Amino acid sequence: MILSLSTSYLQSRYADSSYDMLCCAREMGFEYVELGHSTPLFAVDGILRAVNENIVKVSSLHNFCPMPSFAVGTACNLFSPSSKNRAEGELWQKHTLNSLDLAKKTGAKAIVCHSGQITYFFRPVDYKIQKYLDFVKDRKTLKDDEKYIKIAETFKNKSAKKSQNHYEFLQKNIDSISGKFEENSVKIGLENRDQIPELPLDWNMAKMYEKHFLNSKTAFLWHDVGHSMKKQLLGLYDQLKLAEEIAPYQIGWHLHDCDENVKDHIAIGKGIIDFKALSKFFDAEKHIFTIELNKAVSIQDAVESRKRLEDIICGA
């Protein structure tokens, strides 16, 4: 079983020493880490030192890693692989291959990637949903709100149609670099996202894969359970339904909890996600499991999250 800690959790604590950061992850009981998308270029030497000294192993990277030297803040959405802009697509390919280079050096077997979002001309495609949510005091009432349900269904239908062109560009950009990934036995994990118009859409994620990547040896799917719970709380899609649909094409998980106020990346057990129900889709031999917590979570709660998940995964 590969159970990793995302270094995004420890990044701010060890901004000047990636080596010490990975030593801390090991002290917390993690044999593996996922290198986060906020990893700066100057951190690479310390990471490679820790890997070469067998302090930790690297299970996966989160694109773009290391982040480009000109980037400010996190760089995960810096370039979109689903953009119709050719120059942007080429930049995504270039920097994703930079991530592949670090994956080769660290022994990582997967790179988690974002896929961009549905573009718009006048106003965001989820404009009506966001406008309605601004006036909702208790989001637990959304599942019984007929007006909201109608707005949500209309959005889902329109967004599914609008996503098709983006998926064509996504396939084109991944196909352009898939040879390099195959040569190095590294896979791409396309992650479901937290923002409503981001791709792939939960409600056509499996169909997208079956149409564009079913025979791919490079592209697979990655389930972030906090993100799918946020969509469920917004009445857009069911988490367990998504898990069932994408299970045949999945290689990894981002695991964290989410509360009723749609706040995710909290410690396991502090929210409402039913991990035991999700565990029937866990495959300890094939999947990479990454705990992805926000920096406000205490070390104690992070360690407890690891212990909880070890018990659930081993019992699945």
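These are my notebook entries on a predicted model, arranged by what I looked up.

**Entry 1: the barrel**

I began with the strands. I found a closed barrel of 8 strands in the order β1-β2-β3-β4-β5-β6-β7-β10, and the pairing is parallel. From one strand to the next, the twist averages 30°. I then looked up how β7 meets β10. Strand β7 (residues 250–255) and strand β10 (residues 288–291) run parallel and are joined by 4 bridges. Within β10, Ile 291 is the residue that stands opposite Leu 255. I also noted helix α8 (residues 239–246), which packs on the sheet and touches β6 (219–224) and β7. The direction of α8 makes about 160° with that of β6.

**Entry 2: α2 against α3**

At what angle do the axes of α2 and α3 cross? I read roughly 25° for helix α2 (residues 44–52) and helix α3 (residues 86–106), with the axes coming within 10 Å. Angles under 35 degrees count as roughly parallel, so α2 is roughly parallel to α3. On the α2 side, I listed Val 44, Ile 47, Leu 48 and Val 51; they meet Leu 102, Lys 105 and Thr 106 of α3. The residues of this contact divide into 5 nonpolar, 1 polar and 1 charged.

**Entry 3: the core**

Next I turned to the largest nonpolar core, which has 100 residues. Which of them touch the most other members? My list reads Met 28, Leu 61, Tyr 148, Leu 190 and Leu 236. Helix α5 (residues 146–183) gives the largest share of this core, 10 residues. Beyond its neighbours within four places in sequence, Tyr 148 is in contact with Ile 129, Tyr 132, Leu 133, Leu 142, Leu 234 and Leu 236. For my own reference, nonpolar side chains tend to be buried together in soluble globular proteins.

**Entry 4: His 114**

I looked up His 114 in the loop between β4 (110–113) and α4 (127–133). Is this residue buried or exposed? His 114 has a relative accessible area of 6%, so I put it down as buried. Not counting residues up to four places away in sequence, His 114 touches His 62, Cys 76, Asn 77, Pro 81, Trp 92, Glu 191 and Arg 193. I checked Glu 191 separately: it is 77 residues from His 114 in sequence, yet the two C-alpha atoms are 5.9 Å apart.

**Entry 5: cis peptide bonds**

I noted a cis peptide bond from Cys 65 to Pro 66, with omega near 5°. Pro 66 sits in the loop between β3 (57–62) and α3. Leu 199 and Pro 200 are also joined by a cis peptide bond, here with omega about -5°. I placed Pro 200 in the loop between β5 (187–191) and α6 (205–212).

**Entry 6: positive phi**

Last, I looked at two residues with positive phi. Asn 54 is not a glycine, but its phi is positive at about 60°. I found Asn 54 in the loop between α2 and β3, where its 67% relative accessibility counts as exposed. His 265, which is not a glycine either, has a positive phi of about 60°. His 265 lies in strand β9 (residues 264–266). Its relative accessible area is 18%, and with buried meaning under 20%, I noted His 265 as buried.

Definitions and conventions. Residues numbered from 1 in each chain as written. Predicted model: local features only at pLDDT ≥ 70, side-chain atom pairs only at ≥ 80, totals over all residues. Heavy atoms only, no water. Axes fitted to C-alpha atoms, helices over the stretch in contact; angles between N-to-C directions. Parallel < 35°, antiparallel > 145°, perpendicular 65-115°, else oblique. Contact = heavy atoms within 4.5 Å. Nonpolar A, V, L, I, M, F, W, Y, C, P; charged D, E, K, R; others polar. Core = buried A, V, L, I, M, F, W, Y, C linked by side-chain atoms within 4.5 Å. Buried < 20%, exposed > 50% of the residue type's maximum accessible area, 1.4 Å probe, protein only. Pairing = 2+ DSSP bridges.
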